[in-house]
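Here are my notes for a colleague opening this one for the first time. Have a look at the picture, then read the points in order.

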Amino acid sequence: MEVGVLPVELWQLIFSYLHLPDLGRCSLVCRAWSELVLSLDRTRWRQLCLGCLQHRHPNWPNHPGVEPPSWREAFKQHYLASKTWSKTTQDLESSNCLSLFRRRKGWRRLCVGVGGEFGSLRAALAAASPYDRLVLLPGVHEEQSEVLLKVPVEVVGQGKLGDVALLASIDQHCPTARLSNVVFMPARFTSLLYKTTSGYVQFDNCNFEGGQLQIHAPGTCQVKFCTFSQSSIHLRSVALCILEHCEFTGSENASVTVEGCPSSDRNWACKHLAVLAKSCAASLRQPDPAICPVAKWDGWRESPLRPVRTCEIVVGEERSSFLSAAGAQALLGSAQEDTEFGENLRAAKEEEEYPALDSNSSDSDLRSDDEEDAQVAYKVPCQAHSPRHTLADVMDSKLQSNRLHALQRDLKLKSLQQELQQDKEAQSLANSLQGCIIRQCLFRDGKGGIFIYSRGQAKVEGSIFRDLTYAVRCIQNSKVIMLRNDIHHCKASGIFLRLLAGGLIADNNIHSNCEAGVDIRKGANPLVLGLAAGIAVNENGRGQITGNIICENQWGGADIRHGGDPVLRNNLISCGYSDGVVVGERGKGLIEGNVIYGNKGCGVWMMSSSLPHLINNQISHNSIYGVAVFCHKDNAGDYPLGQGGSESFQEEREGAGGENDADSEEEYPAARRPISVALVELNSINHNGAAGLHVKSSEVLNIIANVIHANGDGGVAVLQSSQLTRIANNSISCNSRGGVLVEADCQVELRGNGIYENSSHGIVSKGEGVIAENDIIGNHRCGLQLLQAADMKVTKNRIQSFRDYGIALFDEAKGLVQENLIFQGRSKKSILRPILNAEDCIIQNNMLLTFKKRFDMECMLINPPARPHLEGGAAVSCTAAAGQRVSSITTRVDGGCHNHGSIFCTIL
């Protein structure tokens, strides 16, 4: 019969009334009919799949409202899993069926229960032959003692799930068994529901209530579409087992416990399960956006479709790190007071010399029209060698979703496939099939999800963990592979790794947990890729944390303490309620190439004693400091309440699960230098609420080649520095107060910096050290101001301040001021303000350049020292500039020297 005789729609309507056997026969008639049968996927095959009371929805329990890609394929898997047959060929087919059964043709169907052939399960097992099917009739079946399975059988409940309840403890001694459509409840004498130490068991569509399954090697299992209510599975040295589409609720401990190194000795079913696992593997497929929560991110690795939350401060929590909006504003004001750039310190004395000027005042009463015109003509153009040409005026720092999305795009995060292609170790981990494989399961409303210890191994894919104390705990040389899971609203951290644990954590959506998303301690060394959440690395924990989007955490986005030494590279850390990155006491690590944006606390809070390396990061639009550097002696009083000074995570808690705890080469070895001093290098620190860089430390610190721009307070504030703080080759511009503040008793070396157009003084120093070879240009007040007992050597700087003194010395300042080139500021003001009768302050060989008439000469700075700039053209907006990378100018053009042999300036 030809299909073309009738319209295709009519054929489909006719076929939609056929039963399953008839559909199979029709598909064998011809190719046209076979295609017609296949075309019924959304109609007849859907009806067959949902119409069977013994089958659950293919996407249960995580997404029961989402249709599968193929209803026919889903029905096939359900159907084959519930059928047994004679298997004579050697080829291993990929299906969820029990290909492990060796059925004989003379199998029997034995009914157990009221109206059946046997009154109890024990009696039926005594009469059963291998591969018989035991059907439990509706009702409650209770066994008074342990039941032994000595022959391979099927035990199937009749009716829908819930009609048959079995109160028994079963010990399997046969090679294989299958149990389906039964509610298991513990017997009066034990909480053990099922145990096998040698054979394979398959559970389909069962409920387990208040008991435990124990699977010991060489035994193994496959559990599908089952519910565990206050129940758990304990796996010991199991070579390979599969848990799929299961729901775990209300556990008092871990729902799944994996113990011991996988052993395949005497495990005849392992090779069959491996074929099955490979056929169903979805770890490397692109997930369906409708099913996988992680796939809801636009472009899979670029920007979230959901709007960016405004990160409102939580009010009324007990922990001190939660701030009210008013409290946050008060703390911001406190932070600004800490970095006061001497605006009012010498107000009375300055008023005697010249009126104090606000950075925004017009001061028209102090200059003539000719001088106003001259400001344009004689203002020293520093744009040629500063980041000013790539940075526009400061805009409102309110977080905008399009700005955050642009930062995510700039990161150019790689897909999991791309990451695995470049990292063979990660690829090997992602493809491994050992231990317990958990797919598309739901863990909720309990204490723990998965506990892996004593060299156990587990692989978790596409599962959801929510409202638990912890999701996954991995310790004692164990290994966990977590791919595309959703972990949220845990009372403690989402994932704990301890005691040399390792593995791969990739493309997970981890958010809204009370503590860290991933907590790495005590020598654990995992590889963390893709979408993750807050990360804590403590107690000699290591690991590579690469390409993650770490957003909206209550505590620090990444917390590194107590010997933690990770590589934190190419992550987006944004919109946190506290600091972006915290490097606490004895924390180490390489923090490189990250975007740290829009956090309620600091961008980076670190202790200089920990010797972190902060390299090539973009740190912008954070509410307090861009980078705050403290020493180990600091207490909470040295820092705004709830920010950095207190532990961000409960460090002594060994995971709320309560269980007792029973060196690889770097990807870029050249990038990780020997750590002997804390280093802040090649970072872009801009548009933060307080100072760009806040230093209150007692250790040596190097601040090299950073762009520090348009921050809400000063550029760099050194409030405590008993050992040398070296600030070299930075561009410090357009900050709301001064460029650099050095408080009393601080030791600082300022060399080769460009300090441009800050709203107050260029440099204010009350400490001691060296200020050499800097360009201090266009700041709104003094270029350089030395106060109190400052003792500085000021040499070979180029200084210009149109409105105020080039160099001003006050109080008991002393030192050496020589060979500086100081440009005329205002014609009615002196260029240099020395201290009267000061014997300890030597001022000599400085070149003072003045002007008398308009366009008398043109001033131009050339031949700048090595200094960073932002990549991009002149028309880059401040939004775009916040996402630009910093690169270093490594050479200097040799030019004419007209300033006593100095190579640092030429006047044309």
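1. **Salt bridges.** There are 28 salt bridges in the structure, a salt bridge being a side-chain nitrogen of Lys or Arg within 4 Å of a carboxyl oxygen of Asp or Glu. As background, side chains of opposite charge can pair when their charged atoms come close. One to click on is Arg178 with Glu154, whose closest N and O atoms are 2.8 Å apart. Arg178 sits in strand S8 (residues 176-180) and Glu154 in strand S5 (residues 154-157), so this pair ties together parts that are 24 residues apart in sequence. Strands here are DSSP runs of E with at least two residues, helices are runs of H or I with at least four, and both are numbered from the N terminus. Arg178 and Glu154 are both buried. Buried means under 20% relative accessible area, exposed means over 50%, and partly exposed is in between (1.4 Å probe, protein chains only).

2. **What you are looking at.** This is a predicted model, in which local features need pLDDT of at least 70 and side-chain atom pairs count only at pLDDT 80 or more, while totals for chains, interfaces and linings use all residues. Residues are numbered from 1 along each chain as its sequence is written, and side-chain values use heavy atoms, with hydrogens and water left out. The protein chain has 14 helices and 70 strands. It runs to 908 residues, and 60% of them count as buried.

3. Arg444 pairs with Asp445, with closest N and O atoms 2.7 Å apart. Arg444 is partly exposed because its relative accessibility is 24%, and Asp445 is partly exposed at 37%. Then there is Arg751 with Glu773, at 3.8 Å between the closest N and O atoms. Arg751 lies in strand S55 and Glu773 in the loop between strand S58 (768-772) and strand S59 (775-777), so the two tie together parts 22 residues apart in sequence. Shared partners also link Arg133, Glu154, Arg178, Asp204 and Lys224 into one salt-bridge network.

4. Which backbone atoms lie by the side chain of Ser231? A polar atom of that side chain is 3.1 Å from the backbone oxygen of Phe208, and one is 2.8 Å from the backbone nitrogen of Gly210. Polar contacts are pairs of N or O atoms within 3.5 Å; within protein, one must be able to donate a hydrogen and the other to accept it, and residues adjacent in sequence count only if both atoms are side-chain atoms. Ser231 is in the loop between strand S15 (227-229) and strand S16 (232-238), and it counts as buried because its relative accessibility is 2%.

5. Most residues other than glycine have a negative phi, and most peptide bonds are trans. Here, though, Trp60 and Pro61 are joined by a cis peptide bond, with omega about 5 degrees. Pro61 lies in the loop between helix H4 (44-51) and helix H5 (71-81). Another cis bond joins Ala217 and Pro218, again with omega about 5 degrees; Pro218 is in the loop between strand S13 (212-216) and strand S14 (220-224). Arg586, which is not a glycine, has a positive phi of about 60 degrees. You'll find Arg586 in the loop between strand S39 (581-583) and strand S40 (590-592), partly exposed at a relative accessible area of 48%. Gln788 also has a positive phi, near 50 degrees, and lies in the loop between strand S60 (784-786) and strand S61 (791-795).

6. **A pair to compare.** Leu38 and Arg72 are 34 residues apart in sequence and 7.8 Å apart in space, C-alpha to C-alpha. Leu38 belongs to helix H3 (residues 31-38) and is partly exposed, with 44% relative accessibility.
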